[in-house]
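Hello,

Here is the structure I promised to pass on. Please open it next to this email, and my notes follow below.

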Amino acid sequence: MTSRVDEEIYGNICCILQDEGEWLKIRTHYGYIGYVERNNLVRISEIEMEDYFQKNRMVTIPLWLDVLSIPSVKGTCLITLPSGSVLEVLYSGPECGWSRVKLPDGGCGFVKSSQLEPWICGKGYLPEKDAELPFSFDQFLSVHYGGNADYFRKKLMEHACFYLGISYRWGGRSPFGMDCSGLVHTIYRKAGISIYRDAEVKVGYPVKCISPQPYSGRQCAEDCREGRILPGDLLYFTGHVAIYVGNGKYIHSTAGNGCFSVVINSLFEESRYFRKDLYETLYAAGRVC
């Protein structure tokens with residue numbers, strides 16, 4: 001037996017690397033490799049994959065969202081989806097507030113339009129496309145955030161706070177539970193960028209190290225006070241990662257220090273939320289650039 005290493009979200013693309021038996025070896029759109037049961041996948045062709053990015057696709061907002069059989073709260077629940085699930089919108093009627101959506105298996109149902117938001121992606125969404133379309137943060141900001149980096153960081157903070165209280169779960173990346181890197185990956189993915197899934201600064205992904213080497217919790221706390229660390233930046237500890245929210249505070253999913261959920265802690269020693277164990281193992285800060 002092996003442990004769960006990750007959790008893919010409904011409606012996202014993956015690539016099958018090995019097609020044998022009931023468990024298929026896959027690579028996710030952000031480069032993670034693992035195994036899923038055959039009956040949990042819907043196959044599409046290369047042409048269908050290209051078409052996938054052209055359709056009007058949205059992502060679900062609430063922690064959990066029911067797709068209903070009719071445009072009414074009294075409809076039969078066809079499936080319940082976690083936040084971040086991708087759906088194709090066939091019709092959105094502003095006069096009634098409902099959207100008719102298509103599921104990956106071909107079925108259709110209805111959800112409240114207010115419970116959906118745009119799916120921010122492009123062909124660079126898949127790792128094998130990166131060489132053709134290298135990531136440009138400036139271009140990304142221009143297309144999706146009007147060139148406003150502050151607005152982008154604000155959205156990151158909204159997504160981060162949304163998950164406060166979610167239980168810690170090794171390999172998790174959904175409202176069922178999240179581990180530390182699953183949380184920060186999900187926060188950035190909802191904002192439109194796929195960062196590395198694990199707790200390290202990885203070459204080839206959008207996050208770059210902005211801290212000097214060597215680095216420490218004391219230096220990072222000072223940089224936070226001086227405004228050199230910005231909301232949305234990532235803080236890397238030994239075997240752990242968190243997202244900075246401002247005023248010395250960071251959000252992370254932790255199973256240590258008596259916690260077992262997504263919480264806020266602080267780098268400032270005078271704060272009641274100070275975590276000495278993490279402060280002493282902080283070694284880097286990262287930023288998308």
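A residue is called buried under 20% relative accessible area, exposed over 50% and partly exposed in between, with a 1.4 Å probe and protein chains only. By that rule Asn265 is buried, because its relative accessible area is 7%.

Before the rest, the ground rules. This is a predicted model: local features need pLDDT of at least 70, side-chain atom pairs count only at pLDDT 80 or more, and totals for chains, interfaces and linings use all residues. Residues are numbered from 1 along each chain as its sequence is written, and side-chain values use heavy atoms, with hydrogens and water left out.

Asn265 lies in strand E17 (residues 261–266). Helices (H or I, at least four residues) and strands (E, at least two) are DSSP runs, numbered from the N terminus. A polar atom of the Asn265 side chain lies 2.8 Å from the backbone oxygen of Tyr273. That is a polar contact: a pair of N or O atoms within 3.5 Å; within protein, one must be able to donate a hydrogen and the other to accept it, and residues adjacent in sequence count only if both atoms are side-chain atoms. Contact in general means heavy atoms within 4.5 Å. Leaving aside neighbours within four places in sequence, Asn265 is in contact with Gly248, Lys249, Tyr250, His252, Tyr273 and Arg275.

His240 is found in strand E15 (residues 240–246). Its relative accessible area is 9%, so His240 is buried. The side chains of His240 and His252 make a polar contact at 2.8 Å. Not counting residues up to four places away in sequence, His240 also touches others, including Cys180, Leu235 and Leu278.

Cysteines

How many disulfides are there? The count is zero, where a disulfide is a pair of cysteine sulfur atoms within 2.5 Å. For Cys14, the closest cysteine sulfur is in Cys15, 7.6 Å away, and so too far for a bond. For Cys259, the closest is in Cys180, at 14 Å, again too far. Cys14 is partly exposed, at 24% relative accessible area. Cys259 is also partly exposed, at 24%.

Strands

Cys14 brings us to the sheet. Its bridge partner in E2 is Thr28. E1 and strand E2 (residues 23–28) pair antiparallel over four bridges. Two strands pair if DSSP finds at least two bridges between them. Three strands form an open antiparallel sheet in the order E1-E2-E3. Strand E1 (14–18) and strand E3 (33–37) are the edges, each pairing on one side only.

Then look at two hairpins. Strand E7 (residues 86–93) and strand E8 (residues 98–102) run antiparallel, joined by five bridges. Gly93 stands opposite Trp98 in E8. Four residues sit between these strands, and Gly97 takes a positive phi near 80°. E8 also pairs with strand E9 (residues 108–112), antiparallel, over five bridges. There, Trp98 stands opposite Lys112. Five residues sit between E8 and E9, and Gly106 takes a positive phi near 100°.

Helix H2

Which residues of helix H2 (residues 137–144) are buried? They are Phe137, Phe140 and Leu141. Seen down the axis of H2, they fall within an arc of 100°, so they line one face of the helix. The arc is that of the directions from the helix axis to the C-beta atoms. On the other side, Asp138, Gln139 and Val143 are exposed. The cover over the buried residues includes helix H3 (149–162), helix H4 (180–191) and strand E18 (282–288). Gly146 follows H2, with a positive phi near 60°.

Best wishes
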